[in-house]
Amino acid sequence: MKVAIPRRGFIGLLIALALAALTVVAANAPRASAATSVSAVAEALKESPVYVDPAASAQLSTSDADALAEQIKDADKPLFVAVLPADQPTENLFENLRTATGITGAYAIRLGDDFQARADSSVLSNDAVRNLVTSVQDEPTTQSQLTAFTDRALANMGGSAPSSWGSTGTDDGVPVAGLITIGAVLAAGGAGAYTIVRRNRRRHEEEQRAALEKLRVVVDEDITAFGEELDRLDFHPGEPGADDAMREDYEHALDAYDKAKTHMAEAEKPEHVRAVTQSLEDGRFSLARLAARREKSPLPERRPPCFFDPRHGPSVADETWTPSGGAPREVPVCAADRSRLADGRDPMVREVDTDSGRRPYWEAGPAYGPWAGGYFGGGILPGLLIGTMLGSMMATPAYAADYGSGYGDFGTGGYEGGDVSGADFNTDDFSGGFGGGDFGGGGDFGGGF
């Protein structure tokens, strides 16, 4: 049986369906006004690391933008790149974009013919951003400039990519199910942001645990070696000739041994190992003083341990040494290695396991930075390691973000690269740019326009 639909009702139904279809199409069609707003740019960067404004599409092709985005995703770093038209409003552009995305990272913007960048300090230092931007100012094209900047920034950055980049799509159509999903995500925005933060932190914690386990083998060897030194010493506080100074040195060495074991048992991150090797260095110096007292020899001066292997104990002198492919430098050496160098022989070097076999510790991974820092402290370490793989790693902001703050303290805090911090960031920590400023207008990019 056919149901008759009044003509007026039928026409109304057609109009309603047409309006609904137009609404869906219009909602998903590019709009010039929305494309250049900070909110639109931020939403696009939450989905993909590279955004090219429709009005600036002549500057960077779709294929080049896609290649750049894939490079950033593969590197798993929080680098955001935007290509905007020359007439884009610039006042507080970086701060507003960073607030709108709410993601800790490095932000690079090509605006007309100008290029600038800023970054959270946990990802890249102010000096690093400025140097990177300066290094690409003379690139002839947008593509070559952004590619060069991306290559160099990814090699120096810390942090991880935001989880929101996990899936991308290029379909022009928008299924109803997809619209429903988007609505659900927007409705649960707060919970989603919290989930992303937890996921990024969990991934970083897993990476640090893996580095700590690799380092644990070496540290356990150090602790065992120090325990064996205590046994070989065969000192008894009540033995004939023992005095209070000897007993004090011995007790100090025992305390250092216990502290080292406790610190290692409590270590949760690679940077925590620094306290272990600090204790071992302190304990070995106490043993050296005790040995000198028993032998009626002059007390040793406080010097760093032997560079080639801290298990050799305190150094006795500084000698010139040249690493393979590096420049000469003065390093502290023990008496045995000093004699070897004088005879033209190789020193006894501490080697550790790496993916390419046994290598000197200064040619191993970044986790050995805290280990070396505990033995040698922050003051002399840069000079000792300059030109080595470990020294190069420790000098980068990426090392600071992942393993501590370079040659100084190895602690971290706050939001890390890729974390969703929302508007919770210090604009003084979000810095960089070219020539000490930003694009112009309102003090955001100081000069240029």
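Helices (H or I, at least four residues) and strands (E, at least two) are DSSP runs, numbered from the N terminus. The model is predicted: local features need pLDDT of at least 70 and side-chain atom pairs pLDDT 80 or more, while totals for chains, interfaces and linings use all residues. Residues are numbered from 1 along each chain as its sequence is written, and side-chain values use heavy atoms, with hydrogens and water left out.

**Stop 1: Arg293**

Select Arg293, which lies in helix H11 (residues 273–294). Its side chain makes a polar contact with the side chain of Asp249 at 2.6 Å. A polar contact is a pair of N or O atoms within 3.5 Å; within protein, one must be able to donate a hydrogen and the other to accept it, and residues adjacent in sequence count only if both atoms are side-chain atoms. Leaving aside residues up to four places away in sequence, Arg293 touches Ala245, Met246, Asp249 and Leu299; contact here means heavy atoms within 4.5 Å.

**Stop 2: helix H4**

Next, select residues 62–75, helix H4. The 14 residues should span 20 Å at 1.5 Å a residue, and the end C-alpha atoms are 20 Å apart, which agrees. The expected span is 1.5 Å times one less than the number of residues.

Colour Ala65, Leu68, Ala69, Ile72 and Lys73, the buried residues of H4. Buried means under 20% relative accessible area, exposed over 50%, and partly exposed in between (1.4 Å probe, protein chains only). Among what covers the buried residues are strand E1 (50–52), strand E2 (79–84) and helix H7 (142–156). Just after H4, Asp76 takes a positive phi of about 60°.

**Stop 3: the aromatic cluster**

Now select Phe307, Phe308, Trp321, Tyr361, Trp362, Tyr368, Trp371, Tyr375 and Phe376, which form one aromatic cluster. The whole structure holds 18 aromatic pairs. The rings of Tyr361 and Trp362 are edge-to-face, because their centres are 5.1 Å apart and their planes are at 75°. Rings of Phe, Tyr and Trp (its six-membered ring) pair if their centres lie within 6.5 Å; planes under 30 degrees apart count as stacked, over 60 as edge-to-face and the rest as tilted. Tyr361 is buried at 0% relative accessibility, and Trp362 is buried at 5%.

Trp371 and Tyr375 form an edge-to-face pair, 5.3 Å centre to centre with 85° between the planes. They are four residues apart in helix H13 (residues 368–385), so about one helical turn separates them. Trp371 is buried at 0% relative accessibility, as is Tyr375 at 4%.
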